[in-house]
Amino acid sequence: NLAERDNLKFYDRTTELKTLEAACSKKGAEMIVVSGRRRIGKSRLINEFLKKREAVKILIVPKEEKQVANDFATALAEGYLPSFSNVEEALEYFFDNSKKQILFIDEFPNLLEVHSSIPYAIQRVWEKHSEISSKILIFSGSYVSMMNKIFTDQKAPLFNRAGYLLILQPLKLGVVWEIQQDLGVDETEKIRNYCILGGVPFYYELLEKWGIKNTVNNLFFDVAAPLREEGQNVLRQEFGASYKKYFSIIEAIGACLVNGSEIADRLSMSQTAL
């Protein structure tokens, strides 16, 4: 968990923290969704918000549902270890028996890899308890397109259930300037780093860890550079199983083919399909 091993102090996100505060201060149950591209600080934001609150936190890793249910059991244990055969039983337990008010499920889209029916299980539990409970569910996920399909598609089981949908944006220039000021970066390098790294908080954690000299080589080109494959990894994550087709289109554009017919010819496909 990045929030548990980071060194960089927490910056900004004032508006987002106020929104989370408002959501959790209301009477009754609430469902909150926080999405955004990988490395943008979703987990850090939520963990910062939950520091002084009674919450259960679980990071979803794709594996057999029984194993995921065991992870829920460990997270929900209060004096004794409950036993669940599936995720739905774990959620029922949270609403019926847990003393904690908030359940934070990180990397929520991974649950679809565990079992595609889990969003329907969440829907059943939510419909059963939301009118009579004051519990709060917080879901976060890096697959923005997948999160949208789960929560904003009208045919999705969790459509219109979330009262709050936060799409976390990169940090603004002024905040990035403050971060680099604290790291001792000179003025010219501040501009250069922002042009390369943008407003992605995790990249500035790496900048702090790997040093402010030779930023580009250290982070992107050296043999052990942590961001060596970052561009492709971000694209793979967003494009999903179709990433090879998208990569081919990007490659064609990179070769200066800019109109539809040229790109379609390069990919040996019809322009309408393109």
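Contact here means heavy atoms within 4.5 Å. The model is a predicted one.

**Exercise 1. The α5 and α7 pair**

Task: Work out how α5 and α7 are arranged, and which residues in α5 meet α7.

Solution: 
1. Start with the geometry. Helix α5 covers residues 87-96 and helix α7 covers residues 118-129. They pack at an angle of about 25°, and their axes are 9 Å apart.
2. Classify the angle. Angles under 35 degrees count as roughly parallel. Therefore α5 is roughly parallel to α7.
3. α5 and α7 cross in a right-handed way.
4. List the contacts. α5 contributes Val87, Glu88, Leu91, Glu92, Phe95 and Asp96. On the α7 side are Ile118, Ala121, Ile122, Arg124, Val125, Trp126, Lys128 and His129.
5. Sort by class. The contact of α5 with α7 has 8 nonpolar, 1 polar and 5 charged residues.

**Exercise 2. The α4 and α5 pair**

Task: Describe how α4 packs with α5, then divide the residues of the contact by class.

Solution: 
1. Take the geometry. Helix α4 spans residues 65-76. The angle between α4 and α5 is about 20°, with the axes 8 Å apart.
2. Apply the cut-off of 35 degrees for roughly parallel. α4 is therefore roughly parallel to α5.
3. Find the hand. The crossing of α4 past α5 is left-handed.
4. Name the residues. α4 brings Glu65, Val68, Ala69, Phe72 and Leu76 to the contact. α5 brings Val87, Ala90, Tyr93 and Phe94.
5. Divide them. The contact of α4 with α5 holds 8 nonpolar residues, no polar ones and 1 charged.
6. Look at Val87 in both pairs. Val87 of α5 meets α7, and Val87 also belongs to the contact with α4.

**Exercise 3. The second largest pocket**

Task: Find how much space lies in the second largest pocket, and what lines the pocket.

Solution: 
1. Begin with the volume. The second largest pocket holds about 260 Å³ of space.
2. Go to the lining. The pocket is lined by 13 residues. The closest to its centre are Tyr143, Ser145, Met146, Gln237 and Gly240.
3. Trace the helices. α6 (110-114), α8 (144-151) and α13 (230-239) each supply at least two residues of this lining.
4. Finish with the classes. The lining has 6 nonpolar, 4 polar and 3 charged residues.

Notes. Residues numbered from 1 in each chain as written. Predicted model: local features only at pLDDT ≥ 70, side-chain atom pairs only at ≥ 80, totals over all residues. Heavy atoms only, no water. 1 Å grid on protein atoms, 1.4 Å probe; cavity = no way out; pocket = protein on both sides within 12 Å on 5 of 7 lines; lining within 4 Å. Points joined across faces, edges and corners; volume = space filled by probe spheres on them. Helix = DSSP H or I, 4+ residues; strand = E, 2+ residues; numbered from the N terminus. Nonpolar A, V, L, I, M, F, W, Y, C, P; charged D, E, K, R; others polar. Axes fitted to C-alpha atoms, helices over the stretch in contact; angles between N-to-C directions. Parallel < 35°, antiparallel > 145°, perpendicular 65-115°, else oblique. Left-handed = near helix turned anticlockwise from the far one by under 90°.
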